[in-house]
Amino acid sequence: MKMSSFAIRNAKELIRDRLNLAFGIGFPVIVLLMLTLIQSNVPVELFSIKNLTPGIAVFGLSFISLFSGMIIAKDRTSSFMLRLFTSPMKARDYILGYTLPLIPMAALQISVCFIVAVLLGLEISVNMLLALIVLMPAALMYIAIGLLCGSIFTDKQVGGVCGALLTNGSAWLSGAWFDVDLVGGAFKAIANALPFLHAVNAGRYALNGEYGRIMPELAWVIGYAVALTALAIIAFTKKMNSDNP
Amino acid sequence: MLSCLIRPSSGDATLMGNSVVTSPIKVKEIINVSPQETAVAPNLSVRENLELMCGIYGYDSKTAREKTGKTIKDFSLSEIEKSRARILSGGWQRRLSIAMAIITEPEILFLDEPTLGLDVLARRELWRIIEKMKEKITIVLTTHYLEEAEALADRIAIMSRGKLVAVGTAEELKTLANAGNFEDAFVALCGGETTYENE
């Protein structure tokens, strides 16, 4: 009851922040539309909708980090968190209460991306459903990044870290709209060491029906998701027990 | 420390028999706090804020609705119950913040500077509410307004430089400091080196 009440509150806070919501769902769609428009005007295949869609879906998930980070940081920097910390809620109630409302939001965001892609010419197939499932560990990873940032940064800092750094990292280091092999060198090595490229690849393989190639990519994402969730729980619990929440 | 936000570096304190060190969750179940800054969920309505407090203290939804209805009536919040908290005036937000602390029926309520920044009318209205609440529950109220302490408190503890310098009723403290009014008593007690106690 405690956790579900808190989760419902967080869902309402997120949904009622219309500007964030419109930007989070709308911006990836605009990028998808723009790149498709560019593709329609160039003779070579730069942005195939089949390659582009999982990339933009992963890029869009970076806004989920912004949502989760902002709500926690805003609670922390106001007296509302002080009020919550004097209530009998336990650490797990907070973690689940902040995480659960974001899962359907992430699924909705990925679905909107695929629906727009279908309108732009992506062929409807059962693999789209598989891609949605394959992208969910990435969604959990982004939620964990938000939880971690919200636990250690102020709302303004979260805006900088999740709103600028993470969205750019997700855009450039994920191979969402260009092949990282084309850049090569240190850039490629960094992209390979981070989870964003692997998340996009797993989504692409799922969408293309290359089932055997999904798990090696997904393992990276799941590993990062587990590690970041553990870090976020440690950071939040430490804040809960600190003298200065 | 008594509201379990800070762990004592040594020693312990018990609230209604529950230790803040070994049973903080039990302590948190019987207390509530209204922080100095208004602490409300900005995008929730007044009703939703109150129901949220019931939910995070473990009440089922039926009980939460009943308690919310009663609190809205007791705190005269009917006209704003559907308004989002962030658009309310400072006075209404403060009233909601205190209502959120009282809805869980705590045995001990901590009010931190409840009337700070309120106009005279809003302050008097809150005093009326606090007077009514203290008939049923123990209230620990911190304030810098001496007339507020004198008007509301049955026992007053004066702290100076982080140390408790005197405890007693307003009359007892005036007698102790040999002062004609409470403000003079406060100044005298804070200015002295000696720790006074009056049971």
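The model is a predicted one, in which local features need pLDDT of at least 70 and side-chain atom pairs count only at pLDDT 80 or more, whereas totals for chains, interfaces and linings use all residues. Residues are numbered from 1 along each chain as its sequence is written, and chains are lettered from A and ligands numbered from 1 in the order in which they are written.

Along its principal axes, the C-alpha trace of chain A spans about 60 × 35 × 30 Å. Chain A contains 12 helices and 0 strands, where helices (H or I, at least four residues) and strands (E, at least two) are DSSP runs numbered from the N terminus. Buried residues account for 47% of the 245 residues in chain A; a residue is buried if 20 or more other C-beta atoms lie within 10 Å of its own, exposed if 12 or fewer, and partly exposed in between, with C-beta atoms placed from the backbone. Of the contacts in chain A between residues at least 6 apart in sequence, 81% join residues at least 24 apart, two residues being in contact if their C-beta atoms, placed from the backbone, lie within 7 Å. A:Leu108, which lies in helix H6 (residues 102-119) of chain A, is partly exposed, with 13 other C-beta atoms within 10 Å. The C-alpha atoms of A:Leu108 and A:Ile25 are separated by 8.7 Å, although these residues are 83 residues apart along the chain.

Chain B has 8 helices and 7 strands. The radius of gyration of chain B is 18 Å, close to the 16 Å that the globule rule gives for 199 residues, so chain B is as compact as a globular protein of that length. The C-alpha atoms of chain B fill a box of roughly 55 × 45 × 25 Å, taken along the principal axes, and 36% of the 199 residues of chain B count as buried. Among contacts in chain B between residues at least 6 apart in sequence, those that join residues at least 24 apart make up 56%.

Chain B is divided into domain 1 (14-154) and domain 2 (155-199), with bounds that come from an automatic or database domain assignment. The C-alpha centres of domain 1 and domain 2 of chain B lie 28 Å apart, and 5 residues of domain 1 are in contact with 7 residues of domain 2. On the side of domain 1 of chain B that touches domain 2, the residues divide into 3 nonpolar, no polar and 2 charged; Ala, Val, Leu, Ile, Met, Phe, Trp, Tyr, Cys and Pro count as nonpolar, Asp, Glu, Lys and Arg as charged, and the others, Gly among them, as polar. Strand S6 (residues 156-160) and strand S7 (residues 163-168) of chain B pair in the antiparallel sense over 5 bridges, pairing being assigned if DSSP finds at least two bridges between two strands. B:Ile158 stands opposite B:Ala166 in S7(B), and in the hairpin of S6(B) and S7(B), which has 2 residues between the strands, B:Arg161 takes a positive phi near 50°.

Between the chains, 21 residues of chain A are in contact with 24 residues of chain B. Helix H1 (2-16) and helix H4 (79-85) of chain A are the elements that give two or more residues to the side of chain A that touches chain B, and H1(A) gives the most, with 7 residues. The residues on this side of chain A divide into 8 nonpolar, 5 polar and 8 charged. Helix H2 (residues 46-56) of chain B is mostly covered, with 10 of its 11 residues buried, and what covers these buried residues includes H1 of chain A together with helix H3 (61-74) and helix H4 (90-102) of chain B.

The largest nonpolar core has 124 residues, and those with the most contacts inside this core are A:Val58, A:Ile64, A:Leu135, A:Met141 and A:Ala144; a nonpolar core is a set of buried Ala, Val, Leu, Ile, Met, Phe, Trp, Tyr and Cys residues joined through C-beta atoms within 7 Å. Helix H7 (residues 127-152) of chain A supplies the largest share of this core, 17 residues. Domain 1 and domain 2 of chain B both give residues to this core, so the core lies between them.

How values were computed:
The radius of gyration is taken over C-alpha atoms; the globule rule is 2.2 Å times the number of residues to the power 0.38.
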